[in-house]
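Please look over the model below with the following notes beside you.

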Amino acid sequence: QLFFKGSFSIEGNSATSGSGGGIYFENGSVEISSESEASISLNSAAVSGGGIYFQSTSAMIDFPFNFRSGIRSNTAGSYGGGVSGENSEIAIARGMLAENEAGIAGGAIALRSDSTLLAEGTTFVDNVAGDGGALFIDGRGRLENSTLFDNRADARGGGIMLVSPAELSVRSATISGNTAGESGGGVYNNNAVLSIQQTLVA
């Protein structure tokens, strides 16, 4: 087990030929939390997880909501500008993922290979990717009391892109102001299971 707590900054790191520009986790559990200021920003990865890469990991992320904290301005050449998860369980209790970018999919988060995501009270804003400006999901996810605003995809799914066999439940959320160059400004669903309740899509 690994714990990050208190005030911290993981900034300006790079994985020049692999994944996990800021942090790479494999085969374990991790808690990343703060009650003051904490940021994972300006990191880059050639492949996946510009900010954080999870492989076979159980992860809990809990950042305060302020403009000095969060997962921000990270880049990945392929998947998950902010966070990429494969065969992992990821829970985000609150915080902001902003201005992250992925070359292929999942500007903020890419959830792949039988991974799960629970995001509550989380804001996704100004993230960019080829597909899935904020979220790219081919695993299972749940969004509650969260906001996706002003994210952009060059092709499909300005806010969210789902690919079979994905399953996503969205409840009490706002999906607004997102854009896609081709299809699905808010959400693009490619043969996945999607449930939306008490949510604004505009």
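1. A search of the whole structure finds one cavity of 30 Å³ or more, where a cavity is a set of points on a 1 Å grid over the protein atoms alone at which a 1.4 Å probe fits but cannot get out. This is a predicted model, in which local features need pLDDT of at least 70 and side-chain atom pairs count only at pLDDT 80 or more, while totals for chains, interfaces and linings use all residues. Residues are numbered from 1 along each chain as its sequence is written, and side-chain values use heavy atoms, with hydrogens and water left out.

2. The largest cavity holds about 40 Å³ of space, and its lining includes Ile-61, Phe-63 and Arg-94, lining residues being those with an atom within 4 Å of a point.

3. Four aromatic pairs are counted, a pair being rings of Phe, Tyr or Trp (its six-membered ring) with centres within 6.5 Å, called stacked with planes under 30 degrees apart, edge-to-face over 60 and tilted for the rest. One of them, Phe-25 with Phe-54, is stacked, at 5.6 Å centre to centre and 15° between the planes. Phe-54 is buried at 0% relative accessible area, buried meaning under 20% (1.4 Å probe, protein chains only), and Phe-25 is buried at 9%.

4. Tyr-79 and Phe-136 form a tilted pair, 5.8 Å centre to centre with 50° between the planes. The charged end of Arg-112 sits over the ring of Tyr-79, 3.8 Å from its centre, the rule being that NZ of Lys or CZ of Arg is within 6 Å of the ring centre and within 35 degrees of the ring normal.

Methods
On a 1 Å grid over the protein atoms alone, a cavity is a set of points where a 1.4 Å probe fits but cannot get out, and a pocket is an open set with protein on both sides within 12 Å along at least five of seven lines; lining residues have an atom within 4 Å of a point. Grid points are joined across faces, edges and corners, and a volume is the space filled by probe spheres set on the points. Buried means under 20% relative accessible area, exposed over 50%, partly exposed in between (1.4 Å probe, protein chains only).
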